Amino acid sequence: MDRAPGLAMRYPWDEPPKHGTAIEIAEGVLWMRLPLPMKLDHVNVYALDDGDGWTVIDTGFSSKKTRAIWQTLIDGPLAGKPVRRVVATHHHPDHMGNVGWFQSELGAELVTTRTAWLFARMLTLDVQETWPEETLDYYRSAGMAPEVLAKRMAERPFNFADMVYPMPLGFTRIKQGDVFRMGGRDWDVHMGNGHAPEHATFWSRDDNLVITGDQILSSISPNIGVYATEPLADPLADWLETCERLAPLARPEHLALGGHKLPFTGLPIRMRQLIDNHHGALTRLLDHLDTPKAASECFAPLFKRTIGEGEYGLALVEAVAHVNHLYHTGDVIRTRREDGAWLYQRKG
C-alpha cells in the first residue's frame, strides 16, 4: 500500500545527467554530475542562471579530467556565459576541489562559510609526506585492524591537497540567517553540522527548491566521522541537532538537491528516516557493548552489512562517532587496551 499522498519519497528523474551534459530541473537551474575515483563514484553539482553569468554550486575533485568536463559544461550547457560565483556547501574535497581553479583561472568569486574556507585553506597547506604520529595513534585508539594499519603506514598518506586545487586568499562569507540571491531566487541560508562543520544549505523563498549538499541525501546516510584533529568530537550530536532544527522547514513538495544520488521530493519523511536510523543504530550499538569492544568491532550493529576494504576507513571514523556519542551521553565507559585501543562498555 502506498503512503498517504505527500508522505512518500519520489524521484522525478530516474537517471542522472551524463558527464558533460546537464538536466534543467527548474527554470534556470541545471543539474550536472562529475566522477569520483571511489566507491561513491559521483558528486552532483549545480549551476544557477544569474542572467549575465552563472553561480555554480560545488565543484568535484581537482583533476585534469574533472576540469575538462567542466570546460565541456561551460562551452555547452552553460552556453559560454561566465561563471561569476562558485558556492561551496562544505569543505570536503569532492565539493571544494576546484574552487581555486574557478577563482584563479576563471575569475569567479568564492562564496562559502567561514569554517568551510578555514578548513579547506588549512588542509591544502598541511601536506604530509609521512604519517603524523597523532594520526597513527588515533587509528590505534580506534582499534584499526593491524593489517589495515600496516598497509596504510607503507603508503604515502592521503593529503587534502592531492584532490584540491590551490586556493588563493579571499572569499565571501555566508552564515546562518542570511538571504542569498542566485538564479533569480532568494534563498534562506541554514547551517548544518555533523557531516562537516558549518555546512551551508539553501532554501528557496520563491519556489520549492532546497540545496541540501551532503547534509541530507536521498538514499544513503551522510558520513559522520571523527578524525585525529579532534578525537573526542561528537559530530553525531551536531548532526541530530541539525536534523531536528531543519525538519520543521521541510515540506513534502520540496525538491531536495543533494550532493550525491538523485534529487527527490518527500523531504519531511526522509529527514525522519535519517534521524530514526541513527537512533536505531545507537540502540543496537548499546546492546552490542554489553561486553567491551573497540570502535573497529562495532561495524555489524551500525551498518548491518559487511564492510569492504574500500569502505573501511569511512566506516571506522563513523563507528568512532557513534561510540563517542554514547560516551558523551554517559551510556558507556571506556578503558585502554594494551595496544592503545579504547574499549567501550555499557554502564551498569
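Asp207 has a relative accessibility of 25% and therefore counts as partly exposed, a class lying between buried (under 20% relative accessible area) and exposed (over 50%), as computed with a 1.4 Å probe on protein chains only. The model is predicted, so that local features require pLDDT of at least 70 and side-chain atom pairs count only at pLDDT 80 or more, whereas totals for chains, interfaces and linings use all residues. Residues are numbered from 1 along each chain as its sequence is written, and side-chain values rest on heavy atoms, with hydrogens and water left out.

Asp207 forms a salt bridge with Arg185, with 2.6 Å between the closest N and O atoms; the term denotes a side-chain nitrogen of Lys or Arg within 4 Å of a carboxyl oxygen of Asp or Glu. Asp207 is located in the loop between strand 10 and strand 11 (209-213) and Arg185 in strand 9, 22 residues apart. Helices (H or I, at least four residues) and strands (E, at least two) are DSSP runs numbered from the N terminus. Arg185 is buried, at 6% relative accessibility.

The structure holds 20 salt bridges. Another of them joins the side chains of Glu129 and Arg156 at 2.9 Å, N to O. Glu129 belongs to the loop between helix 4 (114-125) and helix 5 (133-141) and Arg156 to the loop between helix 6 (146-153) and strand 7 (172-173), so this pair ties together parts 27 residues apart in sequence. Glu129 is exposed at 53% relative accessibility, while Arg156 is partly exposed at 41%.

Strand 8 pairs with strand 9 (residues 185-192) in the antiparallel sense over four bridges, and Trp187 in strand 9 is the bridge partner of Phe180.

Helix 7 (residues 235-246) packs against helix 10 (residues 312-328) at an angle of about 85°, with the axes 7 Å apart. Axes are lines fitted to C-alpha atoms, for helices over the stretch in contact, and angles run from 0 to 180 degrees between N-to-C directions. The two helices are therefore roughly perpendicular, a label given to angles of 65 to 115 degrees. Pro235, Leu236 and Ala237 of helix 7 make the contact with Ala321, His322 and His325 of helix 10, contact being heavy atoms within 4.5 Å.

Notes
Parallel < 35°, antiparallel > 145°, perpendicular 65-115°, else oblique. Pairing = 2+ DSSP bridges.
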